[in-house]
Amino acid sequence: MMPVETKTKIHEDSKKLVYQDSDVKKAMDLIRDRGYVTRADFNQMDDADWAAGFDQKIEAAFLKVEGEDPYIYFEQFDFKGGDIDSIIFDMDQVGTRDHALDLLAGAHSPTGLLIIDLIRRLLTCASNYSVIIWMIY
């Protein structure tokens with residue numbers, strides 16, 4: 001007996017995802033330069049399926065380049081308010097998922113990275129305890 005498809009089933013693979021060679025090249029250059037790309041670089045990354053496919057295209061392109069073997073990683077992070085954003089990064093350059101989140105926060109909100117960095121600096125320095133208390137009030 002042949003399987004029957006129902007008309008109510010949504011096919012994710014029916015979505016036409018298009019990737020330009022120029023975008024893949026630009027992403028490779030940005031990853032070589034700073035270690036990551038986000039929606040700030042490619043608006044299409046607001047679509048999680050497109051971003052995941054773009055990650056695969058970037059990885060495949062790097063595999064074709066002799067002498068380059070970056071550890072390309074695709075991650076999505078949830079932000080306050082329900083926003084989900086994507087980042088494609090070279091783990092060798094970025095180092096950790098936490099750092100990738102910081103970089104994405106900076107791209108997600110221009111002041112986001114500055115605030116995160118300021119809080120981390122304040123918390124790592126015990127002599128700034130009074131400054132932290134002052135900021136709370």
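**Figure 1. The salt bridge of D85 and R39.** The side chains of D85 and R39 meet in a salt bridge at 3.1 Å, N to O; a salt bridge is a side-chain nitrogen of Lys or Arg within 4 Å of a carboxyl oxygen of Asp or Glu. D85 belongs to strand β3 (residues 84-90) and R39 to the loop between β1 (36-38) and α2, so the pair ties together parts that are 46 residues apart in sequence. Helices (H or I, at least four residues) and strands (E, at least two) are DSSP runs, numbered from the N terminus. D85 counts as buried at 3% relative accessibility, whereas R39 is partly exposed, at 31%. Buried means under 20% relative accessible area, exposed over 50%, and partly exposed in between (1.4 Å probe, protein chains only). This is a predicted model, in which local features need pLDDT of at least 70 and side-chain atom pairs count only at pLDDT 80 or more, while totals for chains, interfaces and linings use all residues. Residues are numbered from 1 along each chain as its sequence is written, and side-chain values use heavy atoms, with hydrogens and water left out.

**Figure 2. The salt bridge of E75 and R97.** Between the side chains of E75 and R97 the salt bridge spans 2.9 Å, N to O. This pair links distant parts of the chain, with E75 in strand β2 and R97 in helix α4 (residues 97-108), 22 residues apart. E75 has 12% relative accessibility and counts as buried; R97 has 39% and counts as partly exposed.

**Figure 3. The salt bridge of R32 and E68.** The structure holds six salt bridges. In one of them, the side chains of R32 and E68 meet at 2.9 Å, N to O. R32 lies in helix α1 and E68 in the loop between α2 and β2 (72-78), so parts 36 residues apart in sequence are tied together by the pair. R32 is partly exposed at 36% relative accessibility, and E68 is partly exposed at 25%.

**Figure 4. The contact of helices α1 and α2.** The axes of α1 (residues 21-34) and α2 (residues 48-63) come within 10 Å and cross at roughly 75°. The two helices are therefore roughly perpendicular to each other, a term for angles of 65 to 115 degrees. Axes are lines fitted to C-alpha atoms, for helices over the stretch in contact, and angles run from 0 to 180 degrees between N-to-C directions. The contact (heavy atoms within 4.5 Å) is made by D23, V24, A27, M28, I31 and R32 of α1 and F54, K57, I58, A61 and F62 of α2.

Key
Parallel < 35°, antiparallel > 145°, perpendicular 65-115°, else oblique.
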